[in-house]
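Let's take a walk through this model, starting at the ligand and ending at a pair of helices. Keep the 3D view open as you read.

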Amino acid sequence: MHPRAPTPTLSPTVAPTLSIVIPCYNEAACLDVLHARVSAAARAVVGEDYEIVLINDGSRDDSWSVMQRLSAGDPHLVAINLSRNHGHQLALTAGLDLCSGAEILIIDADLQDPPELLGEMRATMHAQAADVVYAVRRRREGETLFKKATAAAFYRVLDRVTDTAIPVDTGDFRLMSRRALDALLSLPEQARFIRGMVAWVGFRQVPFAYDRAERHAGETNYPLAKMIRLAFDAVTGFSTAPLRWASHLGLALTGVSLLLIVYIAIGWLSGSAVAGWTSTMLVNVVIGAAQMFVLGMIGEYLGRLYIESKRRPLYLVADVAGPVRGRATLGF
Ligand code: UDP
Ligand code: MG
């Protein structure tokens, strides 16, 4: 048999201090300026010790050829081309899987998140010994009222229904430590809501306020349909509350049906009910409530099954003091 061809490796042999991961969908018009600004920001902070990972998420414009041109002229740049459009969160996951830096900056391609903030974010990270510095949007420029209103509502509803404290008004723009990223990558779920997953991971996470700029060029790639899908991934990924609501509704209906049964019985006893009404009503009410309750119970089990099936790690260890004699599971 032929010896196996060596697998091409994308990552450099020595891991850089900083990786900057940027998912791109139809961003050809932004890429040159993006590359210049991100490179300058990285250089100002870590000198030559950085890599830029661009992910082409099945763009329909010539983003990929621009990336190829840029990577030919810059040894810091790695570009990967996904087979088709997989969506922002999966494109980002691909980049995060591939990057090798000790610190990782996630940033959008459209320059709405200024790369020049890197220095300050990094200073915050080191000063506060944080694992994650997440950028919180103080103001959003050049976005429609509708987008701002839906985003504001989304973050607040999410905060109410989820068990994980997911910071409000926070996108994916953030600086992370390697151990926080490795922990994030150990979550195996398919439907990924990355900002929630980072929050779930824990460790020390600190906010960093900034003003969100306008898009450099092009248009948002998050139309309403994609926003709704992201919202569903967020709620269902971090909460089984909707299933719980079904069982609560079932219980409430059972209570109401007991009252109705009394009312029906009074009608029957007083002889004011039309013949057949009593039995029909009884059957309706009792079966309706019972069905809702049983459905809710199934929902409760389904919810647990769902959580189990994600096979997330049960816990993540941040620090250990003193000698560890047992097996340090999932230790960092
Ligand atoms: N993006 C992507 N795949 C998609 C949609 C968006 O990789 O299917 C990228 C996009 O290129 C940008 C980031 O995700 O870097 C955020 O998208 P966008 O700026 O359109 O969203 P908005 O800022 O309007 O919420
Ligand atoms: Mg944008």
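Of the 16 residues around ligand 1, those that come nearest are Pro23, Tyr25, Ala109, Thr220 and Asn221; "near" here asks for a C-beta atom, placed from the backbone, within 6 Å of the molecule. Two elements give two or more residues to this shell, β1 (18-24) and α3 (88-98). Helices (H or I, at least four residues) and strands (E, at least two) are DSSP runs, numbered from the N terminus. By type, the shell splits into six nonpolar, six polar and four charged residues, with Ala, Val, Leu, Ile, Met, Phe, Trp, Tyr, Cys and Pro taken as nonpolar, Asp, Glu, Lys and Arg as charged, and the others, Gly among them, as polar.

A word on the ground rules: this is a predicted model, where local features need pLDDT of at least 70 and side-chain atom pairs count only at pLDDT 80 or more, while totals for chains, interfaces and linings use all residues. Residues are numbered from 1 along each chain as its sequence is written, and chains are lettered from A and ligands numbered from 1 in the order in which they are written.

Now for the helices. The axes of α6 (residues 178-185) and α7 (residues 194-201) are 9 Å apart, at an angle of about 115°; the axes are lines fitted to C-alpha atoms over the stretch in contact, and angles run from 0 to 180 degrees between N-to-C directions. The two are therefore roughly perpendicular, a label for 65 to 115 degrees. Ala180, Ala183 and Leu184 of α6 make the contact with Met197, Val198 and Val201 of α7 (C-beta atoms, placed from the backbone, within 7 Å). The contact has six nonpolar residues, no polar and no charged.

Note on methods:
Parallel < 35°, antiparallel > 145°, perpendicular 65-115°, else oblique. Contact = placed C-beta atoms within 7 Å.
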